[in-house]
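Welcome! Keep the sequence and the 3D view open, and try each exercise yourself before you read its solution.

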2 protein chains.
Amino acid sequence: MSKSNNVYKDAYNRGLRLLDETKSLPSEPELGALLGVSRTTIRTILARMEETGLIAWNKRSKTVLRAPRPDDFFPEEETDTLSQIIERSFMRRLLAGGAEAGMQINELELAREIGVGTTSVREFLIRFSRFGLIEKRRNSHWVLKGFTRAFALELTEIREMFELRSAAAFAALPEDSPVWANLDLLEEEHRLLAREIATRFNEFSELDERFHRLIHRASHNRFIVDFYDVIAMIFHYHYQWNKAQERERNEVAVAEHLAYIAALKSRDLGKVDAACRKHLKSARHTLLTSIPDRAVLPQQ
Amino acid sequence: MSKSNNVYKDAYNRGLRLLDETKSLPSEPELGALLGVSRTTIRTILARMEETGLIAWNKRSKTVLRAPRPDDFFPEEETDTLSQIIERSFMRRLLAGGAEAGMQINELELAREIGVGTTSVREFLIRFSRFGLIEKRRNSHWVLKGFTRAFALELTEIREMFELRSAAAFAALPEDSPVWANLDLLEEEHRLLAREIATRFNEFSELDERFHRLIHRASHNRFIVDFYDVIAMIFHYHYQWNKAQERERNEVAVAEHLAYIAALKSRDLGKVDAACRKHLKSARHTLLTSIPDRAVLPQQ
DNA sequence: AAAATGTTTTTTCACGATAAAAGACATTAT
DNA sequence: ATAATGTCTTTTATCGTGAAAAAACATTTT
């Protein structure tokens with residue numbers, strides 16, 4: 001098995017949802033653009049849709065014959081990227097405890113355990129190394145630095161530096177910049193969420209990421225924008241394992257975001273700075289409280 | 001050819017230099033620690049030294065029989081890591097012009113051109129991507145973002161943010177911290193270099209890196225420390241292709257460093273900030289003047 | 001018994017090979 | 001003649017494999 005066809009399966013599943021909406025599908029290039037895959041993959045998808053009697057396909061005509069049934073979809077787990085699979089396994093191990101700082105990481109063992117080739121694990125570890133949680137010893141193993149309090153503090157230090165700067169840049173953006181419309185939309189989504197927070201509180205993390213990414217983009221600095229990947233990754237897993245007072249925390253965060261948005265709209269740099277600081281402070285606090293306060297090994 | 005033995009060859013060459021100094025070599029573990037390789041490699045080295053009549057080897061006794069001749073050494077180019085080879089080739093292409101922003105990077109083509117496997121090229125590109133010069137399109141090619149003025153400005157923006165913070169942290173370090181001794185040593189080296197700048201100006205870049213790394217380490221933040229890798233990489237190649245007024249530039253930089261060091265020693269945060277800003281400003285200027293002022297593609 | 005040497009096992013690094021996916025080129029339909 | 005479809009080529013993603021290097025274990029020496 002040299003390469004899984006998850007790209008095809010995922011695009012196929014997304015393609016099935018299109019069938020509900022129309023009586024016939026658009027051209028192959030158009031479908032490709034819609035689903036974000038090449039024509040080659042589109043044709044494989046169409047071939048299967050024809051085979052399973054979902055559509056009648058003859059050259060340009062792609063007539064929908066029936067609505068997709070649940071069993072037409074490929075199982076969710078078959079649509080994941082290998083690197084997603086590896087990341088999840090790796091993070092599970094990391095957060096499952098027993099992952100002490102200083103521990104060695106064994107590529108071969110990881111690969112065997114996850115059931116993938118070593119190359120994929122190696123590539124994952126190289127990509128993952130920029131998050132600052134692991135480090136390579138040349139010609140030898142990787143070392144786990146540990147998800148420690150020190151890590152969280154270093155991470156938030158940079159985050160605060162970057163976001164304060166980005167927020168200031170954002171507020172200074174000209175009236176006619178399209179970001180203001182984006183901000184208005186996000187504000188509306190925040191208001192909606194605030195109203196239904198009791199039931200939809202778990203939708204916050206996705207909104208949170210979109211909001212902060214919009215702000216960081218105002219910095220027009222690739223290093224700042226890219227650094228948000230580190231934050232997003234950490235918070236993604238953080239949200240998964242720290243469910244304590246999730247509703248309350250998110251409710252507070254939504255309110256802080258709204259204040260932050262209002263400050264941005266006021267273009268008053270003092271207000272922006274204050275609102276940003278306030279929100280980042282509580283974000284840091286939330287993160288820190290979720291970290292087991294184990295002994296922190298001194299970094300060498 | 002599945003793996004070159006460059007680790008062995010490099011360690012062997014370094015091992016030869018030890019022969020000049022003593023009449024007999026230390027134990028295998030000791031040699032391993034000295035050369036930074038495993039015992040396995042040490043034994044391979046000793047075996048060859050015995051074979052070529054450099055030493056007589058019998059268990060613990062490793063008597064030096066003769067001094068190494070130039071032809072005992074492995075050729076320099078055989079001691080390079082694969083990733084070093086790839087990096088050099090890649091940077092040569094990048095700087096040789098014709099590397100316009102937006103250009104596609106082809107793994108297979110690169111691998112063929114350099115004469116290595118695709119895996120190594122892929123891994124290099126993944127590692128290299130954190131420098132912000134290339135970007136991956138999922139399931140497709142890499143895109144060159146270009147060594148543009150925008151890149152240099154984004155890089156220096158972060159550098160300045162990080163270094164100002166690190167310098168302040170440095171100045172606030174307690175009297176008994178070992179970094180002050182390190183700083184004294186570096187100061188001495190700067191003075192020596194300043195005195196002989198006419199002939200030794202090309203030794204500055206190495207000193208420059210050590211000095212700035214010492215300062216960045218005071219931040220105690222892995223993201224700041226790691227970011228210096230980006231700066232070091234860029235300046236490394238920058239020094240290689242921009243030889244205009246090298247002597248003058250380095251002379252100025254040494255003077256600025258000495259002022260910067262004096263400011264740090266004064267522990268006066270205002271002075272530190274001023275000296276740091278002054279130096280960073282001229283470093284940025286030097287970098288910017290060396291970049292061809294081509295049209296800068298807007299980053300999407 | 002501590003530290004070295006000798007031997008064996010495991011892991012990392014790098015390659016070539018192969019299926020999936022993208023991309024390029026040729027042909028046909030509007 | 002433009003845009004789609006049909007076909008062929010190239011590139012990417014991933015694996016298994018094997019040599020280099022590290023690491024672990026066993027034995028000997030001081």
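This is a predicted model: local features need pLDDT of at least 70, side-chain atom pairs count only at pLDDT 80 or more; totals for chains, interfaces and linings use all residues.

Residues are numbered from 1 along each chain as its sequence is written, chains are lettered from A and ligands numbered from 1 in the order in which they are written, and side-chain values use heavy atoms, with hydrogens and water left out.

**Exercise 1. Find the buried residues of helix H3 (residues 39-51) of chain B and say what covers them.**

Step 1. Helices (H or I, at least four residues) and strands (E, at least two) are DSSP runs, numbered from the N terminus. H3(B) has 13 residues and reaches 18 Å from its first C-alpha to its last, close to the 18 Å expected at 1.5 Å a residue. The expected span is 1.5 Å times one less than the number of residues.

Step 2. Now sort by accessibility: buried means under 20% relative accessible area, exposed over 50%, partly exposed in between (1.4 Å probe, protein chains only). In H3(B), the buried residues are B:Thr41, B:Ile42, B:Ile45, B:Leu46 and B:Met49. They cover an arc of only 140° around the axis, which puts them on the same side of H3(B). That arc is taken from the directions from the helix axis to the C-beta atoms. On the other side of H3(B) you will find B:Thr40 and B:Glu51 exposed.

Step 3. After H3(B) comes B:Gly53, with a positive phi near 75°.

**Exercise 2. Describe the hairpin of S1(B) and S2(B).**

Step 1. Two strands pair if DSSP finds at least two bridges between them. S1 (residues 55-58) and S2 (residues 61-64) of chain B are antiparallel and share four bridges. One partner to look for is B:Val64, which bridges to B:Ile55.

Step 2. Two residues lie between the strands, and B:Lys59 has a positive phi near 55°.

Step 3. On S1(B), B:Ile55 and B:Trp57 form the covered face, while B:Ala56 and B:Asn58 form the uncovered one.

**Exercise 3. Describe how domain 2 and domain 3 of chain A meet.**

Step 1. An automatic or database domain assignment gives the bounds: domain 2 is 81-144 and domain 3 is 149-289.

Step 2. Nine residues of domain 2 are in contact with eight of domain 3, where contact means heavy atoms within 4.5 Å.

Step 3. Together these domains bury about 760 Å², 74% of it on carbon and sulfur atoms. Buried area is the accessible area (1.4 Å probe) that two parts lose on being put together, summed over both.

Step 4. A:Leu95, A:Arg130 and A:Phe131 supply 57% of the area that domain 2 buries against domain 3, more than any other three residues.
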